[in-house]
Amino acid sequence: MSSKIAQLYCKLVFGRPWLVIAAALALVAGFAWYAQYFRLDASADSLLLENDPDLEFSRVINERYGVRDSVTIAYAPDGELFSEPTLERMAELREDLLAIDRIVSVDSILNVPVFGDTPLTGISEDYLTIMDPEQDLQEAREEIVNSPVFRNALVSPDGSVAGILVGFEVDQHARDLINRRSELRSLEQAGELSAQQARELAEVEAEYDEYSVFTADRQHNMISEIRQTLDDYRDDARIYLGGAPMIADDLVTFVQDDLSSFSFAVLILIIGALGIIFRKVRYVALPLICCAVAGTIMVGMLGLMDWRVTVVSSNFISLLLIITISLTVHLTVRYRELRATRHYTDHDRILRHAVLSMFRPCLYTALTTAVAFGSLIVSGILPIINFGWMMMMGVATALLVAFTLFPAIMSLLKPDQSKLSRDLKLNLTSALAKFTDQLRGKVLLLYALLTVFAVLGLSQLRVENSFIDYFRQSTEIYQGMTLFDEKLGGTLSFDVIVDLPEQEQAADDGFDDGFDDGFDDGFGDDPFASDESQSDAYWFTAPKMQQVKAIHNYLDEDPYTGKVLSFGAIVQLAEQLNGNEAVDGFLWALLYSRIPETLKDTVLNPFVSIEENQLRYNVRVIESAEDLNRDALLQRIESGIEEEFGFADEDVRLTGILVMYNNVLQSLFQSQILTLGVVMLAIMVMFLALFRSLAIAIICIIPNAIAAAFVLGIMGWADRPLDIMTITIAAISVGIGVDNTIHYMHRFRREFPRLGNYRATMFFCHNSIGRAMYFTSMTIVAGFSILALSNFIPTIVFGLLTSLAMLVALTGSLTLLPRLLITFKPLGEESHGDDEFDAEAIAAS
């Protein structure tokens, strides 16, 4: 601090501590009010690239084909599925589900058509279902289980598990808001937005943000009501719920459960660690008070700005806790260090000196940590960008709270009269100093080998997003997704959209043989058949239907795909009903004119757009398949259809939730992992500005680069892929690591002119600032180790990787960094030789 700023700061914080505390309490009270608006958001849109063209395309496809949100229920009765008691039980469940608000359809084996020996030309509105009294259950079972339409979708291949598809009402108001927002944003990007339209855009965005909160709560309540309904039927059946809305809801539930379940446990462990280290109530309470104040301010600020925390940024509170504890522990250790060496200096002077001497290194650490997290802002992904901003704001908040509230409270407390030894040795830090000193150049060789190990691990690192791997095998959601994969063709899916080539109707399409004898073709003389319906009927040519079926079979044959829902399955069913013979164009036209409207909405309209001359294939993925690479699968399918069937690149397009999640992940990988070197360069520039030495900047960046590479390398060796939840670990590792480096380097550079010997300075720093670094790291590791008991795998991974990053950063700063300083001597030549140096005496001085 400059002298004037320092004087003003001391006058306020030390001269009027009650005013500082009152201001802090006022801020806490104000932001605590807005904390009620703090929200977790795990909706699909919260994890997508807002400007992703696939997102807009997906919305267009959903409207065109009437795709609605839905969940699937796996119903595995204890007895025979195709028995009257079980079917009656399922019918009761169906009625209860339909009674839930906004559920508009419940499809299962109960309401699908059973054709029996009905010929293809005899299909009409008056089809039988399995619930009709005259229906033979065993014959119906045989037909439904072997149906290419319903097998692996509404019934398992072995006939033991039923699938129940629950459709939600389309929220047209939400769609209208999204569509209007997209139109106005397009005009804004093109520079054609008028002032009135700009105001409308702001209003639409505000309305959509508010409405999305309402819809998220509504969907959560609906999922909860569905689960409560299913609970009434679990006495005689195993029942699991699946589908993207359920998974999104469960992600929020697991995160919230972890926050509530482990927050207290983490708090207890941190209290225990601080108590063991400092053995004084004030030094335990002060860091916790600062954490509570900083956390309340940040949560309230996010609520005020309506910045919603997603599953990606749900760990920001934990990281804020780490940063705040680090700052307060460094202040505490520095104060106690001065008290141990300056017995006759009064409490206020020691406190002022401790705070002022630590301000610069703590400011440096805050700036470099902010730079590390600031790298997330360029990701282009809204929740990641917000996470970056959250952490930058959190770092600033933690710094402000630590350097105002901590000294203000300390200045009001009675002086600490406990006796402290001048011997600042700590066995572990002393051991690391001796280890570094005795191994000499071998330390560099050891880290070189460690770097090779990390690089090899990095080469094995892969990017994948498997929702099933988020949960322990003992959890209900894991078991449910596994059952869906094994029995009902998977849960999550993507769409393949194929634009068919424009062509004139063939003269010979299977029924025009040149005779015009007035034969009734089934729709020509129908007074109710419109010209449009007649024209649409001629779209169904025999060659086209064979191509539809061929594409369906191609998708179905991939080992990583499950159930394929498309009109190709209807073609297969039609051929079965036609005596396993191909259906000609005339018969297809006849079928189209006679197909019941209820069946059209189920088997035709969701998969065929006659107006656009387009096909839609909904492809489920086997989430539990080993070695599943979703990016490779998507690329293989798109290029395979183009090559196999001769389509142009623009005629085949993939969309859906899996495609967009994959886009997010690939974009994030490119912007964060592949540009990690750029982040390191930015931090090195920060080091250069802070220490004004290129040699020191290079030396300081090396331990941090190795630490980040090591954490990612461990993930590669452990075959733990980077996903939506763990992709930010690189920024977290760097953000945590630079703190120790800066604190150690700042103290080393300050003490070296006094001691005049690199080895002596190393021993002194290990037993002074090294203590604070060690205490901070061990406190965080102790607290976050409890996260390993979570049922939510991302929470476990975050806890373990954060602890690993703390330990690696600590070890690197206390071994590699001092060895590099001793070897390359960036602070100049020594004024005292090694023979003048007594490690024990210097460390205690």
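Trainee: Which helix is Ser 357 in?
Mentor: Ser 357 sits in helix H11, residues 347–374. Helices here are DSSP runs of H or I with at least four residues, numbered from the N terminus. This is a predicted model, where local features need pLDDT of at least 70, side-chain atom pairs count only at pLDDT 80 or more, and totals for chains, interfaces and linings use all residues. Residues are numbered from 1 along each chain as its sequence is written, and side-chain values use heavy atoms, with hydrogens and water left out.

Trainee: Is Ser 357 buried or exposed?
Mentor: Ser 357 is buried, because its relative accessible area is 14%; buried means under 20%, exposed over 50%, and partly exposed in between, with a 1.4 Å probe and protein chains only.

Trainee: And what does Ser 357 contact, its neighbours within four places in sequence aside?
Mentor: Arg 334, His 746 and Arg 750. Contact means heavy atoms within 4.5 Å.

Trainee: New topic. Where is Ile 706?
Mentor: Ile 706 is in helix H25, residues 694–717. Ile 706 also counts as buried, because its relative accessibility is 13%.

Trainee: What does Ile 706 touch, not counting residues up to four places away in sequence?
Mentor: Ile 706 touches Tyr 447, Leu 450, Thr 451 and Leu 816.

Trainee: How far is the C-alpha atom of Ile 706 from that of Val 452?
Mentor: The two C-alpha atoms are separated by 9.8 Å, although the residues are 254 apart along the chain.

How values were computed: Helices (H or I, at least four residues) and strands (E, at least two) are DSSP runs, numbered from the N terminus.
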